[in-house]
Amino acid sequence: KWNPQIICPLGVSQIIKKFGGQKIEEIDWWQTTSFKDLEIKAMPANHFSSRGLFDRDTSQWAGFIISGLKHKIYFVGDTGYSDVFKTIGEKEGPIDLSLIPIGAYMPKWFMGPIHVSPEEAVQIHLDIQSKKSVAMHFGTFPLADDNPARAQKELKEALKTNGIPGTTFHIPVEGENYLLN
């Protein structure tokens, strides 16, 4: 109905077209495009891709950095931890606001490669030099052996261990609105 401009990682446009998307631009990791006054850059993420039985890893998984005239926001996306976040911090930091996942990380042996724990989320916050972060990817529905309370508790502990004030890494309450200055 609205025919929005969609910017997605490589290989994802074929899926979006099946649902009626028309104005689609695919970008590779580290590639930049623009939309109105914004610059959008696809960032590496550690996750498999699959939307069917026979398409495992035929498309990219990505996060996005959205830069305006004054600020830079990083949607880290659904990812496991790796040293790529140190590289992102070196190339793109500091970041004004980051949306970092904290859930679906247990059991670690199975979920670790594709989802970050709260402790790893804090490490991403540090690696990318985020001025302020918001926790995401937790609490909506059960996806793994951890639970919303555990992820939040462990995030608070990891922030304290690293000397990071809780006001720097916000845990939103589902359904509430927030104004970020």
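**Exercise 1.** List the residues that Phe169 touches, leaving out those up to four places away in sequence.

*Solution.* Contact means heavy atoms within 4.5 Å. By this rule Phe169 touches Ile100, Ile102, Ala121, Val122, His125, Ser133, Val134, Ala135, Leu155 and Leu159. The model is predicted: local features need pLDDT of at least 70, side-chain atom pairs count only at pLDDT 80 or more, and totals for chains, interfaces and linings use all residues. Residues are numbered from 1 along each chain as its sequence is written, and side-chain values use heavy atoms, with hydrogens and water left out.

**Exercise 2.** Find which residues of the largest nonpolar core touch the most other members, and which element gives the most to this core.

*Solution.* Start with the term: a nonpolar core is a set of buried (under 20% relative accessible area, 1.4 Å probe, protein chains only) Ala, Val, Leu, Ile, Met, Phe, Trp, Tyr and Cys residues joined through side-chain atoms within 4.5 Å. The largest core has 25 residues, and Tyr74, Phe85, Ile88, Ile102, Ile128, Leu155 and Phe169 touch the most other members. Next, the elements: α2 (84–92), β7 (95–101), α4 (118–127) and α5 (148–161) each supply at least two residues. Helices (H or I, at least four residues) and strands (E, at least two) are DSSP runs, numbered from the N terminus. Of the elements, α5 gives the most, with 4 residues.

**Exercise 3.** Decide whether Lys132 is buried, partly exposed or exposed, and locate Lys132 in the fold.

*Solution.* Lys132 lies in strand β8 (residues 130–136).

Note on methods:
Buried means under 20% relative accessible area, exposed over 50%, partly exposed in between (1.4 Å probe, protein chains only).
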